[in-house]
Amino acid sequence: MTDRTSYMANTRGIAVSVEPTYLETRSSPDSSQYFWAYRVIIENQGRETVHLLSRHWMITNARGELTEVKGPGVVGEQPFLKPGESFEYMSGAPLNTPSGMMGGAYQMETDSGERFDIEIPTFSLDRPNQDVFLN
C-alpha cells in the first residue's frame, strides 16, 4: 500500500476526510484492472445530531468516463453522529485506467427532520510511479 494524501471538506460543521491508497496486490495492470482502498472519517463538529441517510459517489476514470453510485448509508450502516462524534469506514473502488478521481455527497438529516447534502471531497486516484505522457 502506498499514498497517504488526505482530502478534506466541511459542510455545515460536518467534516469529511478521505485518504485513498492504491492496492497493488489487488490490481492487474496487464488486464486494465486497478484498485484503490479509501478510508473516510466523518466528524460532527456542529451543534446538532445528524443521521447519515445515503451516499452519492461520482467516479471518473482517466478517459473521463463517469460512474455514479447511489444508495442508502455507507458500508451497510446509517450512523447517527452527535456533536463531537465521528464515524470511520473503509471501502474500495476499481478503475479500468491507472488514474481517476472520486467525489460526491452524503445526505444527512437532523433530529428536526431537515435534510441536507454534505460534500465528499473530490480525491485523486493515481497509480504510484505511473509514467505521465504529455501530448
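**Close-up views of a predicted all-strand chain**

**View 1. Y89 and its surroundings.** Setting aside neighbours within four places in sequence, Y89 is in contact (heavy atoms within 4.5 Å) with Y38, R39, V40, I42, W57, V74, V75 and Y106. This is a predicted model, where local features need pLDDT of at least 70, side-chain atom pairs count only at pLDDT 80 or more, and totals for chains, interfaces and linings use all residues. Residues are numbered from 1 along each chain as its sequence is written, and side-chain values use heavy atoms, with hydrogens and water left out.

**View 2. The largest nonpolar core.** Such a core is a set of buried Ala, Val, Leu, Ile, Met, Phe, Trp, Tyr and Cys residues joined through side-chain atoms within 4.5 Å; buried means under 20% relative accessible area and exposed over 50%, with partly exposed in between (1.4 Å probe, protein chains only). Among its 27 residues, Y38, V40, I42, W57, Y89, M102 and Y106 touch the most other members. At least two core residues come from each of β2 (14–22), β3 (34–44), β4 (50–61), β7 (86–95), β8 (99–110) and β9 (115–126); strands are DSSP runs (E, at least two residues), numbered from the N terminus.

**View 3. S112 in its loop.** Look between β8 and β9 to find S112 in the loop. S112 counts as exposed because its relative accessibility is 64%. Its side chain is joined to that of T110 by a polar contact of 2.9 Å (a pair of N or O atoms within 3.5 Å, one able to donate a hydrogen and the other to accept it; residues adjacent in sequence count only if both atoms are side-chain atoms).

Note on methods. Helix = DSSP H or I, 4+ residues; strand = E, 2+ residues; numbered from the N terminus.
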